[in-house]
Amino acid sequence: MLGLSMPARDYDAIVVGASFGGLAVARQLRGHVLLLDRNEVGSVQTSACGTPLWVCEWLGVTDSVLQVHESLAIRTPSRTVRYDLSEVPFCTFDYRAFCEGLLAQCRVKFLRTSVTGIQDGAVVTGEGRFTAPVIVDCSGWRRAVTGGAGDASRRHSFGLETYTALRDEGLTFLLDRRLIPQGLGWIFPVGTGSLVGLGSYVGRSKLKPALEGFLREQDISAGSYHGTYFPYRLLRPTVGRLFAVGDAAGQCLPLTAEGIRPALYFGGECGRIVQRILDGALSLEAGLEAYRRVVARYRRPYRVLRFAQWLAAHTPTRWFALITEVAATRPLRPGWWPRYGWFGRPERAGMPAVT
Ligand SMILES: Cc1cc2nc3c(=O)[nH]c(=O)nc-3n(C[C@H](O)[C@H](O)[C@H](O)COP(=O)(O)OP(=O)(O)OC[C@H]3O[C@@H](n4cnc5c(N)ncnc54)[C@H](O)[C@@H]3O)c2cc1C
């Protein structure tokens, strides 16, 4: 009850969630800004942390890179399709080092506390109530302030993974209906070992027996498991006077489940808009509208990826494997791969780099 009885404390802006989206917003802000998370920054990893290498370079957190990947294999029971990633190499990174690197670039006050919602315009937390003219929800799929996620399994995918000692080169996706009927598996090497996981496009959360069975077959022993839901459809980027970024706005990419880049990209864009509001250069309404316009520009690619996810979940695996093979060939690949690989890099999209 502490949260309701104490007077609210005022800030210029409040950012809820200090992972990819929240840190990307916060590093753009100056002024009296409060960043809230129920955990210490970088302490609870929920992701395999695979992203293009340029993301770490662009954000100045290259120290967090664990392994660079220049190839991707899509393994199915009947064939393996290989993608050369050398044009846009990917990497896997250390979550804590990445987040701490971004936090070090922020000039905001961080407070570890759980947010329980919003009441009379104030953010209610275990440490009391906080108010600000601008509030940004970056709390992931749970959407702590923009409104609960409802029945998570109906609108979200679910992923579960574990650390193993398996050493490998390149990233691997596994498409095998016997392993996971409407979803995919992955092996993401992280230097000293690999994260091996399964993701269900239809939000099935009981994936541990299948993952354990796969690891047993490969004679690999598992470490501790982590997993959670993630969205596969865009949600409203603003709710009333609130901004939403990352998984809280459904910005995780369908099909590949890449959610880090979108959270960082839209977070940077949102942060810049919020700073203009704080500077008095934009009204709150104009800022909300500007952010909605930024997100709306990407509706089409999101729709295309959602259709591709639907194909992956509903067509026979050998058909989908054939599609990925054809998509990797010379006449088609240059038409889509660079656009995918560079998605989220501001200067490539004709926008200035985030500073
Ligand atoms: C198993 C798995 C593997 C994945 N692998 C990849 C990958 O390799 N590459 C990739 O790009 N994407 C991957 N994703 C997706 C990616 O992890 C998410 O899309 C991404 O983390 C979204 O970032 P975010 O900042 O929006 O939310 P999150 O990373 O979920 O961060 C939300 C933050 O809000 C905080 N929070 C939540 N509720 C509250 C509350 N009530 N009060 C206070 N704080 C709160 C949390 O503690 C957390 O720090 C994976 C997802 C899963 C489940």
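**Entry 1: Phe188**

I began with Phe188, which counts as buried because its relative accessibility is 9%, where buried means under 20% relative accessible area, exposed means over 50% and partly exposed lies in between, with a 1.4 Å probe and protein chains only. Before going further I noted that this is a predicted model, in which local features need pLDDT of at least 70 and side-chain atom pairs count only at pLDDT 80 or more, while totals for chains, interfaces and linings use all residues. I also noted that residues are numbered from 1 along each chain as its sequence is written, and that side-chain values use heavy atoms, with hydrogens and water left out.

I found Phe188 in strand β16, which covers residues 183-189; helices (H or I, at least four residues) and strands (E, at least two) are DSSP runs, numbered from the N terminus. Which residues is Phe188 in contact with, leaving aside its neighbours within four places in sequence? I listed Ala48, Gly50, Thr92, Leu171, Thr172, Phe173, Ser194 and Leu195, with contact meaning heavy atoms within 4.5 Å. I then looked up the separation between the C-alpha atoms of Phe188 and Gly199, which is 13 Å for two residues that stand 11 residues apart along the chain.

**Entry 2: strand β8**

I next looked up the pairing of β8, where two strands pair if DSSP finds at least two bridges between them. Strand β4 (residues 50-52) runs antiparallel to β8 and is joined to it by 3 bridges, and within this pair Thr51 has Cys91 as its bridge partner. Strand β5 (residues 65-69) is also antiparallel to β8, with 4 bridges between them, and here I found His69 opposite Phe90.

**Entry 3: the open sheet around β13**

I turned to an open sheet of 6 strands, whose order is β9-β3-β2-β13-β20-β19 and whose pairing is mixed. Why is one side of β9 and of β19 left without a neighbour in the sheet? I found that β9 (109-112) and β19 (238-239) stand at the edges and that each has a single partner strand, so one side of each has no neighbour there.

Within this sheet I followed β13 (residues 134-137), which runs parallel to β2 (residues 13-16) and is joined to it by 4 bridges. Going along this pair, I noted Val134 as the bridge partner of Ala13 and Val136 opposite Val15. I also saw that β13 pairs with β20 (residues 242-244) in the parallel sense over 3 bridges, and that Asp137 stands opposite Ala244. As for the side chains of β13, Val134 and Val136 point one way, Ile135 and Asp137 point the other way, and all are buried.

I then went into the loop between β20 and α7 (260-278), where Leu255 has its place. Leu255 has a positive phi of about 70° although it is not a glycine, and with a relative accessible area of 17% it is buried. Ala257 is in the loop between β20 and α7 too, and has a positive phi of about 60° although it is not a glycine. Is Ala257 buried or partly exposed? I recorded it as partly exposed, because its relative accessibility is 30%.

**Entry 4: Gly128**

I looked up Gly128, which lies in strand β12 (residues 128-131) and counts as buried because its relative accessibility is 0%. The C-alpha atoms of Gly128 and Gly250 are separated by 28 Å, and these two residues are 122 residues apart along the chain.

**Entry 5: the whole chain**

Last, I looked up values for the chain as a whole, which has 11 helices and 20 strands. Of its 355 residues, 56% count as buried. Among contacts between residues at least 6 apart in sequence, 70% join residues at least 24 apart. Along its principal axes, the C-alpha trace spans about 60 × 45 × 35 Å.
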